[in-house]
Amino acid sequence: MEKPRIATASLAGCFGCHMSLLDIDDRILKLIELVEFDKSPVDDIKNFTGRCAIGLIEGGCCNEENVHVLKDFRKNCDILVSVGECAIMGGLPALRNGIPLKECLETAYINGTGVYNPSGRIPNSEDIPLLLNKVYPCHEIVKVDYFLPGCPPPADTIWEACVALLTNKPLDLPYELIKYD
Amino acid sequence: MSETITFTIDGVEVKGKAGQTIMQAADGNGIYIPRLCYLEGCEPFASCRVCTVIVNGRPQAACTQPIAPGIVVENNSPEVTQIRKDIVEMMFVEGNHFCPFCDKSGNCELQAMAYRLGILAPKYPYLFPVCELDASHPYIFIDPNRCILCGRCVQASRDLDGKHVFDFVGRGPHKKIRVNAAVRLADTNLDITDKACDVCPVGAILKKGVGYAVPVGQRLYDKEPIGSDIESKAK
């Protein structure tokens, strides 16, 4: 039988959740026996090569590209999992949600301390993904099936969740593995 | 000697004294009823509604509802747990609760309640309100982003400290905590020794200079769920 496929993505995140995934130590060898990695920064596959059983999403949606990637994951994955606080509630990037977008961009590219930008313009090339008005949690963009909170979620949480989902067992996390920080 | 009253919580017969609330009687029997606004030593305020129990088929706040002979109280049923989850989830989306960098994380009663109820993510959309931090006081700061409007600081300042530093203004979604000065906390008579500085269940009123003192893993709710102290008293 063909191995189930896993895909992962880091949207508006810091890659900390991916680091936590790698932190499952030697169990990663067992994971490789259980699954095949598809589109993911782990193997640098850029496009989906087939239907995936599980999509792990790190980070929320701060720009247009994040939304496209997230929708692509929803389309290609049977189960979509929000991994970490940024995917679940926007996390640190969402600190800008109370500040008007124009003010954010002006501080970053024109008025901010240490900014050197003689043109005085905010970059606006079509190659740069358009920023959204605010940072959105993933489940406000597409349907998300499971949530693994934490900043990052402990390696054991990610491991327990993957094993449960791959073996069709209920995902029942013990008290110590549900943490928001 | 006061009269003993017998009633049931989740089908188990318990005894309390006449005049007690359902919460007081449950505490005495080692049964934890979740709560956030309740503050020992003050009149129950019943603002948070997390202590909702179903009494003879009707939802009631356990912190204010007196016990009566033969009442049937549901505390741990799926229906009651769902009510509590909904309430706590609403508190999360109505504020800006950034647990990863909050000083109160691990010792926060709201966070601990969400852990205990097994909330992985709220089902409601986040509102991301705009709130202004007041760090004017030399020893205390107020971060309204994290406030759940429980009213503990209002009660503690008024009833325990005899000062009235905090109070509510506005109604409905516009309700806020305000300080008893034109603008700033620094212009009130709040002292760092006031009880009002110690009662906030979340990280909205915090002391400066003592954050992150306890390492992760050793904080109040890292290993044991909130309410374990009451449950350990069960006979």
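Guide: What follows starts with a pair of helices in chain B, then moves out to the rest of the model. Keep in mind that this is a predicted model.

Start with helix α3 of chain B, residues 109-117. Is this helix buried or exposed? Of its 9 residues, 9 are buried, so α3(B) is largely enclosed by the rest of the structure. The cut-off for buried is 20 or more other C-beta atoms within 10 Å. The list of buried residues runs B:Glu109, B:Leu110, B:Gln111, B:Ala112, B:Met113, B:Ala114, B:Tyr115, B:Arg116 and B:Leu117. Charged side chains are on that list too, B:Glu109 and B:Arg116 among them.

What do these buried residues pack against? Their partner is α2 of chain B. Helix α2(B) covers residues 78-94. The two axes come within 10 Å and cross at roughly 140°. That angle makes α2(B) oblique to α3(B). A pair counts as roughly antiparallel over 145 degrees. The crossing of α2(B) past α3(B) is left-handed.

Now the residues that make this contact. From α2(B) come B:Thr81, B:Arg84, B:Lys85, B:Val88, B:Met91 and B:Phe92. From α3(B) come B:Leu110, B:Met113, B:Ala114 and B:Leu117. Sorted by type, the contact has 7 nonpolar residues, 1 polar and 2 charged.

Go on to the end of the helix. Just after α3(B) sits B:Gly118, with a positive phi of about 75°. Further along is the loop between α3 and β6 (140-142) of chain B, which holds B:Phe128. Phi of B:Phe128 is positive as well, near 45°, and this residue is not a glycine. Is B:Phe128 buried or exposed? B:Phe128 has 21 C-beta neighbours inside 10 Å, so B:Phe128 counts as buried.

Step back to the whole of chain B. The chain is divided into domain 1 (4-76) and domain 2 (98-207). Their centres, taken over C-alpha atoms, are separated by 26 Å. How many residues are in contact between the two domains? Domain 1 of chain B brings 10 residues and domain 2 brings 15. On the domain 1 side, 8 are nonpolar, 2 are polar and none is charged.

Next, the contact between the chains. Chain B gives 15 residues and chain A gives 21. The chain B side divides into 10 nonpolar, 4 polar and 1 charged.

Chain A has 6 helices and 7 strands. From the N terminus, the order of elements is β-α-α-β-β-β-α-β-α-α-β-β-α. The C-alpha atoms fill a box of roughly 60 × 35 × 30 Å along the principal axes. Chain A has 181 residues, and 38% of them count as buried. Take the contacts in chain A between residues at least 6 apart in sequence: 78% join residues at least 24 apart.

One is A:Asp25, in the loop between α1 (16-22) and α2 (27-34) of chain A. Its phi is positive, near 55°, and the residue is not a glycine. A:Asp25 has 9 other C-beta atoms within 10 Å and is exposed.

Another is A:Val142, in the loop between β6 (131-136) and β7 of chain A. A:Val142 has 17 C-beta neighbours inside 10 Å and counts as partly exposed. Beyond its neighbours within four places in sequence, A:Val142 is in contact with A:Leu70, A:Lys71, A:Arg74 and A:Leu80. A:Ala7 is 135 residues from A:Val142 in sequence and 16 Å away in space, C-alpha to C-alpha.

The peptide bond from A:Cys151 to A:Pro152 is cis, with omega near -5°.

Conventions: Residues numbered from 1 in each chain as written. Chains lettered and ligands numbered in written order. Predicted model: local features only at pLDDT ≥ 70, side-chain atom pairs only at ≥ 80, totals over all residues. Domains from an automatic or database assignment. Contact = placed C-beta atoms within 7 Å. Axes fitted to C-alpha atoms, helices over the stretch in contact; angles between N-to-C directions. Helix = DSSP H or I, 4+ residues; strand = E, 2+ residues; numbered from the N terminus. Parallel < 35°, antiparallel > 145°, perpendicular 65-115°, else oblique. Left-handed = near helix turned anticlockwise from the far one by under 90°. Buried ≥ 20, exposed ≤ 12 C-beta atoms within 10 Å, placed from the backbone.
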